[in-house]
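Q: Could you walk me through reading this structure, one feature at a time?

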Amino acid sequence: MKKILTLFLTSLSIFTFGQTDTTKKKYEYEICIYHRPKEKPTVIKNERIGIGDTTIAFVSGTIYDYEKQPLGFAALNFLSLTDSSKHDVFTDSLGNFKLHLPADKYKLTALFVGYTSLTIDDLQLGTGELRELKLQLGNGGAFKTYLIQSDKPLSEKDLRKTEKRLRRKG
């Protein structure tokens with residue numbers, strides 16, 4: 001019985017400690033990179049289409065996304081450059097808007113979450129003016145996380161090189 005027990009313990013220790021690890025340890029790193037937007041916001045049309053017999057200005061138009069599709073429920077902010085009054089309007093579901101404003105000089109900002117906003121710093125609206133705007137917002141930038149795996153630990157220098165390569169690749 002002693003011989004069997006000794007033989008069993010010897011074979012168990014050889015089995016347990018004699019195995020080699022066939023899987024190498026993997027090192028994992030996460031790199032988070034901000035990718036700038038490719039499409040920039042643009043003014044497609046900013047045109048006076050008429051003059052009315054009134055003391056206010058009438059502004060209408062459409063907001064588009066970067067693929068030239070109407071953008072519903074986008075916000076437009078008109079900030080008076082003379083008295084700092086604010087006038088806000090949202091586009092309807094088809095991207096259209098209409099607004100009556102006092103004749104003045106405005107800073108216009110069009111924005112929508114996830115898109116690059118558009119600003120017109122000096123929008124002059126005259127008395128009785130009918131103005132049509134067509135504005136296109138750019139696509140917003142995005143963060144992307146990359147998982148880097150390696151068989152060996154990477155230095156900060158190696159990780160910076162990898163980050164630069166990933167930025168160029170986009």
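A: Buried residues make up 30% of the 170 residues in the protein. Buried means under 20% relative accessible area, exposed means over 50%, and partly exposed lies in between (1.4 Å probe, protein chains only). Please keep in mind that this is a predicted model, in which local features need pLDDT of at least 70 and side-chain atom pairs count only at pLDDT 80 or more, while totals for chains, interfaces and linings use all residues. Residues are numbered from 1 along each chain as its sequence is written, and side-chain values use heavy atoms, with hydrogens and water left out.

Q: What does the secondary structure of the protein come to?

A: Helices (H or I, at least four residues) and strands (E, at least two) are DSSP runs, numbered from the N terminus. Here there are 2 helices and 12 strands. Along the sequence they follow the pattern α-β-β-β-β-β-β-β-β-β-β-β-β-α.

Q: What share of the contacts with a separation of 6 or more comes from residues 24 or more positions apart?

A: A contact means heavy atoms within 4.5 Å. Among contacts in the protein with a separation of 6 or more, residues 24 or more positions apart account for 69%.

Q: Which residues does Ser60 touch, not counting those up to four places away in sequence?

A: Ser60 sits in strand S3 (residues 56–64) and counts as buried, at 15% relative accessibility. With residues up to four places away set aside, Ser60 touches Phe97, Lys98, Arg131, Glu132 and Leu133.

Q: And with which residues is Lys107 in contact, leaving aside neighbours within four places in sequence?

A: Lys107 lies in strand S7 (residues 104–111) and is partly exposed at 33% relative accessibility. Leaving aside neighbours within four places, Lys107 is in contact with Asn77, Phe78, Leu79, Leu81, Thr119, Ile120 and Asp121. As for Ser80, that residue is 27 residues from Lys107 in sequence and 6.5 Å away in space, C-alpha to C-alpha.

Q: How many salt bridges does a search of the whole structure find?

A: Side chains of opposite charge can pair when their charged atoms come close. A salt bridge is a side-chain nitrogen of Lys or Arg within 4 Å of a carboxyl oxygen of Asp or Glu. The search of the whole structure finds 7 salt bridges. One of them joins Lys26 and Asp151, with the closest N and O atoms 3.0 Å apart. Lys26 lies in the loop between helix H1 (2–17) and strand S1 (27–35), and Asp151 in the loop between strand S12 (142–150) and H2, so the pair ties together parts that are 125 residues apart in sequence. Asp151 is partly exposed, with a relative accessible area of 46%.

Q: What about the salt bridge of Lys45 and Glu132: which strands hold the two residues?

A: The side chains of Lys45 and Glu132 meet at 2.9 Å, N to O. Lys45 is in strand S2 (residues 42–51) and Glu132 in strand S10 (residues 129–136), so this pair ties together parts that are 87 residues apart in sequence. Lys45 is partly exposed, with a relative accessible area of 23%, whereas Glu132 is buried at 17%. Glu132 also forms a salt bridge with Lys134 (3.6 Å, N to O). Through shared partners, salt bridges join Lys45, Glu132 and Lys134 into one network.

Q: Which residues form the positive surface patch?

A: Patches are made of residues with over 30% relative accessible area and no salt bridge; like charges are joined within 9 Å, and nonpolar side chains (Val, Leu, Ile, Met, Phe, Trp, Tyr) within 5 Å. Lys and Arg count as positive and Asp and Glu as negative, while His and the chain ends are not counted. The place of a charge is taken as NZ of Lys, CZ of Arg, CG of Asp or CD of Glu. In this structure, Lys144, Lys164, Arg165, Arg168 and Lys169 form a positive surface patch. Helix H2 (residues 156–169) gives the largest share, 4 residues. Arg168 lies in helix H2 and is exposed, with a relative accessible area of 67%.

Q: Is Lys68, with its positive phi, buried or exposed?

A: Lys68 has a phi near 65°, a positive value in a residue other than glycine. Lys68 lies in the loop between S3 and strand S4 (75–80) and counts as exposed at 57% relative accessibility. Phe73 also has a phi near 65°. Phe73 is found in the loop between S3 and S4 and is exposed, with a relative accessible area of 53%.

Terms used. Accessible areas come from the Shrake-Rupley method with a 1.4 Å probe; for residues, only the protein chains shown count as cover.
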